[in-house]
Amino acid sequence: RVRSRLAARADELGDITEVFGLEIPFTTSAAVAVERTVDPDADAQLLRDIFDVQPAMAARYRPDSTVVWCNEAYAAHLGATPAAVRGCRWIDLAAGLGYDTPEMLEQLLADILATTPDDTTSTVLAPMPGERGMRWIQWSNRRLPGADGGVDLVQAIGVEVTELRTARDALDAMARELVRGRVAERRELARRLHDDVVQVLVSAMWAMSPSDGRDVDADSAQRSADLVRLAIEQLRSCLG
């Protein structure tokens, strides 16, 4: 069983109203996966329904990146049809479209295989240039063991997360701006406390304790009181 994060519900207008996790049972037999490219059973129909609501790219390929099965969405992002993609290495197709250099794509494949041992899953975020600018695709990869216990296929499901990434980047920028604003605010508060309040209090202290040792007269006492009141007003302004 594999837990899919692609399940979604749509309203009568076709807008997605809910996205939820769903466990979908399916075979891990490589032979069945290759032979039954269109599976008529309920599980395959459920997957198709999910893809209709929330488009996703799905493919199965061998460890050398040779595609043995893919849906139309996967083939479309490689500029081809499923029939044209099957039997080709996705590394060659992606490199031909300028997604990255063959060397970088080979390294990506090696990383996928290294991070998905023993029928586990991994996630990778990949940039893809397009007519609308840079797109970001989140791929979930899962290794499917063959009948002999060895690795035969890798299953990949990709969903575009460009809008989510853009929103996250905007949120990060807002957070940085907030930090900068708080730092500037603290500096301004420190300046006001030092240049205004502290200086006024020092003046009040000298008015009440003259350095020449003379007694404090009424005018000096009044001036000191006025300075203390001014300092209180300045403190209230800072607190405000």
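Modeller: The model is predicted.

Colleague: Is Ser65 buried or exposed?

Modeller: Ser65 sits in the loop between β3 (57-61) and β4 (67-70). Buried is taken as under 20% relative accessible area. The relative accessible area of Ser65 is 0%, so the residue is buried.

Colleague: Which residue takes a positive phi in the hairpin of β3 and β4?

Modeller: The two strands run antiparallel and are joined by three bridges. Five residues lie between them in the hairpin, and the positive phi, near 80°, belongs to Ser65.

Colleague: What is the bridge partner of Arg60 in β4?

Modeller: Arg60 points from β3 the same way as Ala58, with Met57, Ala59 and Tyr61 pointing the other way. In a regular strand, side chains alternate between the two faces of the sheet. Across the pairing, the partner of Arg60 in β4 is Trp69.

Colleague: How many residues of β3 are buried?

Modeller: Met57, Ala59 and Tyr61 on one side are buried, and so are Ala58 and Arg60 on the other. β3 is mostly covered, and the count of its buried residues is five of five.

Colleague: How far apart are the end C-alpha atoms of helix α6 (residues 102-115)?

Modeller: Helix α6 has 14 residues, and at 1.5 Å a residue these should span 20 Å. The separation of its end C-alpha atoms agrees with that, at 20 Å.

Colleague: Within what arc do the buried residues of α6 fall, seen down its axis?

Modeller: The buried residues in α6 are Leu105, Leu109, Ile112 and Leu113. Seen down the helix axis they line one face, because they fall within an arc of 95°.

Colleague: Which residues are exposed on the other side of α6?

Modeller: An α-helix has 3.6 residues a turn, so residues three or four places apart point the same way. The buried set in α6 includes Leu109 and Ile112. On the other side of this helix, the exposed residues are Glu103 and Ala114.

Colleague: Which element supplies the largest share of the largest nonpolar core?

Modeller: That core has 23 residues, of which Tyr61, Tyr74, Trp90 and Trp139 touch the most other members. Elements that each supply at least two of its residues include β3, β4, α3 (72-77) and α5 (90-96). The largest share, four residues, comes from α6.

Colleague: How many residues does the other core have?

Modeller: It lies apart from the largest one, and among its members are Ala58, Val68, Ile157 and Val161. In soluble globular proteins, nonpolar side chains tend to be buried together. The size of this other core is nine residues.

Colleague: Is Trp206 buried or partly exposed?

Modeller: Trp206 lies in helix α7 (residues 162-208). The C-alpha atoms of Trp206 and Ser220, 14 residues apart along the chain, are separated by 9.3 Å. With a relative accessible area of 47%, Trp206 is partly exposed.

Colleague: What percentage of the residues in the protein chain is buried?

Modeller: The chain has eight helices and seven strands. It exposes about 15,000 Å², with carbon and sulfur atoms supplying 55% of that area. Of the 240 residues in the chain, the buried ones make up 30%.

Key:
Residues numbered from 1 in each chain as written. Predicted model: local features only at pLDDT ≥ 70, side-chain atom pairs only at ≥ 80, totals over all residues. Heavy atoms only, no water. Buried < 20%, exposed > 50% of the residue type's maximum accessible area, 1.4 Å probe, protein only. Pairing = 2+ DSSP bridges. Expected span 1.5 Å × (residues − 1). Arc of directions from axis to C-beta. Areas by Shrake-Rupley, 256 points an atom, 1.4 Å probe, with all protein chains shown as cover. Core = buried A, V, L, I, M, F, W, Y, C linked by side-chain atoms within 4.5 Å.
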